[in-house]
Amino acid sequence: MGSPLSELETSMKSMMLVFHKYAGTDENQSKLTLSRNEAKQLLVKELSNFMKTPTDPKAMKDILDKMDIDGNQEMDFQEFIVMVSSITILCNDYLVHCLQKKGK
Ligand SMILES: [Ca+2]
Ligand SMILES: [Ca+2]
């Protein structure tokens, strides 16, 4: 890669790096997927501003269940990206709502 990464490419790179940073933390488990524990850490540490991370274990379990689309107790990169995209779409809806309000 010769030229510097664009803003979007940098964002994509960040998503990959964040995923692998957490995917590789649990001992004796796959370094390429997020265990429930790793996914929980990622949510709490990386999404606390955009997502109200619940302190209630039941609510956290519900979120983790939803993220794990195929239900195999591990979150692969695809499941991670679906989750990030869903939250980004919700945030964008809110942003558009605010911009429209401002425009009036
Ligand atoms: Ca892992
Ligand atoms: Ca899964």
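**Close-up views of a predicted model**

**View 1. Crossing of α1 and α2.** The crossing of α1 and α2 is right-handed (near helix turned clockwise from the far one by less than a right angle). Their axes, lines fitted to C-alpha atoms over the stretch in contact, come within 9 Å and cross at roughly 130 degrees. Angles run from 0 to 180 degrees between N-to-C directions.

This is a predicted model: local features need pLDDT of at least 70, side-chain atom pairs count only at pLDDT 80 or more, and totals for chains, interfaces and linings use all residues. Residues are numbered from 1 along each chain as its sequence is written, with chains lettered from A and ligands numbered from 1 in the order in which they are written.

**View 2. The nonpolar core.** Ten residues form the largest nonpolar core: F19, Y22, A23, L34, A39, L42, L43, M75, F80 and M83. Such a core is a set of buried Ala, Val, Leu, Ile, Met, Phe, Trp, Tyr and Cys residues joined through C-beta atoms within 7 Å. Buried means 20 or more other C-beta atoms within 10 Å of a residue's own, placed from the backbone. Two or more core residues come from each of α1 (7–23), α2 (36–46) and α4 (77–103). Helices are DSSP runs (H or I, at least four residues), numbered from the N terminus.

**View 3. Around F80.** Leaving aside neighbours within four places in sequence, F80 is in contact with F19, L34 and M75. Contact means C-beta atoms, placed from the backbone, within 7 Å.

Technical notes. A residue is buried if 20 or more other C-beta atoms lie within 10 Å of its own, exposed if 12 or fewer, and partly exposed in between; C-beta atoms are placed from the backbone. Two residues are in contact if their C-beta atoms, placed from the backbone, lie within 7 Å.
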